[in-house]
Number of protein chains: 2
Amino acid sequence: MKHKYALKIQYLGTTFSGSQIQPAQRTIQSEIEHAINILTKENNKTVFSGRTDAGVHALSQIVHFDTEQEINKRKFVYSLNALLPDEISVKGFAKVDEFFHSQKSARYRWYRYIINNTSHKSILLRNISLHIPEKLNVQEMHSALSYLNGHHDFSSFKSSNTDNPATHCNILYSSCRNFSGIIYIDLIANRFLYNMVRTITGTLIEIGGCKYTAEHMADVLEAKNRKCAGPTADARGLTLMSVGYDERYNLKEIMNTEAINEQNVLCKAS
Amino acid sequence: MKHKYALKIQYLGTTFSGSQIQPAQRTIQSEIEHAINILTKENNKTVFSGRTDAGVHALSQIVHFDTEQEINKRKFVYSLNALLPDEISVKGFAKVDEFFHSQKSARYRWYRYIINNTSHKSILLRNISLHIPEKLNVQEMHSALSYLNGHHDFSSFKSSNTDNPATHCNILYSSCRNFSGIIYIDLIANRFLYNMVRTITGTLIEIGGCKYTAEHMADVLEAKNRKCAGPTADARGLTLMSVGYDERYNLKEIMNTEAINEQNVLCKAS
């Protein structure tokens with residue numbers, strides 16, 4: 001009989017060639033599958049909620065896999081963490097029903113881009129933020145984001161490096177906030193196009209730096225042309241914060257306090 | 001004419017042999033002096049507010065040096081940061097009067113020890129915290145700390161590896177708090193003995209793990225014997241948060257809260 005399990009994992013993407021398995025590359029997925037296969041002595045394949053690029057981090061990425069075995073949660077998570085490199089941590093584990101699919105069942109993804117907007121580099125945030133010493137206008141950036149809320153064709157923010165023809169997304173929440181010089185750009189959407197958050201961020205940085213006003217974002221969106229948007233912001237500043245699923249999947253045990261925080265964000269948005 | 005300047009620096013101690021200069025070792029002080037000397041073309045010596053051990057971090061360490069030159073602050077800090085390795089950042093710079101001394105003028109030091117007390121390792125806090133998966137009793141640890149407040153002979157918490165005969169310190173503030181499984185142990189004192197915070201932490205961990213009750217801390221203090229205290233906790237969890245000086249030194253411009261905010265960003269994220 002097949003059993004299906006979901007893992008919540010956290011990783012610092014700095015030293016990996018992205019999440020997705022690729023021949024001869026050190027990826028998050030290859031490390032995870034390697035560790036799982038040592039423990040199950042099977043040839044398990046994992047499915048991620050979505051891929052993250054080289055250098056991008058995750059605080060709560062959801063991964064599922066099938067196995068012939070009934071797994072002891074506590075022991076399994078402990079052993080996985082012992083086998084995984086320092087930059088990857090398993091933070092939760094749950095048995096799920098056969099209908100659950102980490103990617104297809106996901107209702108939303110929450111990404112955060114962090115900018116260190118102080119004069120000096122930060123040794124603590126150096127791997128997870130982009131340092132921009134020139135003062136950015138955060139209020140203008142926040143206003144610019146409001147044009148993106150809701151259902152739109154996001155072709156302008158899609159890397160040309162992809163041939164997926166679906167270009168519509170629904171942005172459920174967006175904000176740009178400043179906490180003593182550390183800027184958080186938060187975006188929650190049902191789905192994201194390839195490089196979309198980083199391209200939106202690149203456009204926001206141009207607006208924050210007074211190259212354009214907030215309304216420029218509306219023009220870029222309308223143009224449906226990648227050339228109108230700003231540059232793709234560096235991967236290091238981007239983190240997948242969490243992935244949301246229907247309550248019926250009973251993922252509570254891997255959705256702990258972060259989920260409450262997510263809920264707050266969603267509540268504020270509505 | 002001599003000019004005196006104070007620097008506020010931040011560092012991740014993980015890959016250094018402590019702060020203090022030593023022959024053939026990579027230390028914070030050797031990196032700082034090397035960078036300053038490139039810029040001033042002099043042979044400047046620096047004085048730190050206090051030494052930190054190998055593996056210990058600082059969010060706001062204060063360093064002073066004398067030079068023959070009048071220094072342009074903005075340009076100097078920018079150049080220093082470009083010369084320093086990624087793990088060290090200059091966060092502030094001020095001209096001070098001839099009476100200022102980073103060590104002797106200091107009125108207090110604030111240290112924080114961070115314990116990740118969740119079941120799983122944290123990729124964000126891995127270099128700046130100690131991971132203890134077994135649940136600690138934080139309330140009992142906080143109570144134990146209260147016995148240390150005020151003027152005492154701290155011989156029990158002094159590494160035997162030192163011959164400084166002065167063993168009295170004044171603890172101005174102490175607390176042990178839990179934020180969603182991340183434990184902060186904060187201690188502010190006029191001075192600290194060698195390894196004192198790490199030995200207090202080792203004793204607290206024994207109390208938090210129910211080996212002893214809170215009153216044990218009073219007995220250990222009373223004994224004036226290092227053998228009565230717990231083991232010296234791992235250096236990686238310890239951070240020098242800040243150093244306090246008299247207002248008359250007018251160090252306001254290097255006394256802000258940025259650094260503490262950065263640490264909060266990491267702790268909240270993990």
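A:R107 is exposed in this predicted model, with a relative accessible area of 52%. Its side chain meets that of A:D246 in a salt bridge, with 3.0 Å from N to O. A:D246 sits in the loop between strand 10 (238-245) and helix 6 (256-269) of chain A, while A:R107 belongs to strand 5 (residues 106-116), so the pair ties together parts that are 139 residues apart in sequence. A:D246 itself is partly exposed, at a relative accessible area of 26%.

Chain B has a pair of its own to look at: B:D246 forms a salt bridge with B:R107, and their closest N and O atoms are 2.8 Å apart. Here B:D246 is in the loop between strand 10 (238-245) and helix 6 (258-269) of chain B and B:R107 is in strand 5 (residues 106-116), so this bridge also ties together parts 139 residues apart in sequence. B:D246 is partly exposed, with a relative accessible area of 23%, and B:R107 counts as exposed at 52%.

One more bridge in chain B joins the side chains of B:K2 and B:E68. B:K2 lies in the segment before strand 1 (3-11), and B:E68 in the loop between strand 3 (57-67) and helix 2 (73-83), 66 residues apart. B:K2 is exposed at 55% relative accessibility; B:E68, at 47%, is partly exposed.

| Salt bridge | N to O distance |
|---|---|
| A:D246 and A:R107 | 3.0 Å |
| B:D246 and B:R107 | 2.8 Å |
| B:K2 and B:E68 | 3.6 Å |

What the two chains do share is 16 residue pairs in polar contact. On the chain A side, strand 1 (3-11), helix 2 (73-83), strand 4 (88-96) and strand 9 (182-189) each supply at least two residues. Strand 4 gives the most, with five residues. By class, that side has 15 nonpolar, eight polar and five charged residues.

How much area is buried between chain A and chain B? The value is about 2600 Å², and carbon and sulfur atoms give 60% of it. In chain A, the residues that lose the most area to chain B are A:K121, A:I123 and A:L124, together 29% of what that side buries. The contact takes 28 residues from chain A and 31 residues from chain B.

The same surface serves both copies, as 82% of the contact residues of chain A recur in chain B.

How values were computed. Residues numbered from 1 in each chain as written. Chains lettered and ligands numbered in written order. Predicted model: local features only at pLDDT ≥ 70, side-chain atom pairs only at ≥ 80, totals over all residues. Heavy atoms only, no water. Contact = heavy atoms within 4.5 Å. Buried area = accessible area lost by both parts, 1.4 Å probe. Polar contact = N/O pair within 3.5 Å; in protein donor to acceptor, adjacent residues only side chain to side chain. Helix = DSSP H or I, 4+ residues; strand = E, 2+ residues; numbered from the N terminus. Nonpolar A, V, L, I, M, F, W, Y, C, P; charged D, E, K, R; others polar. Salt bridge = Lys/Arg side-chain N within 4 Å of Asp/Glu carboxyl O. Buried < 20%, exposed > 50% of the residue type's maximum accessible area, 1.4 Å probe, protein only.
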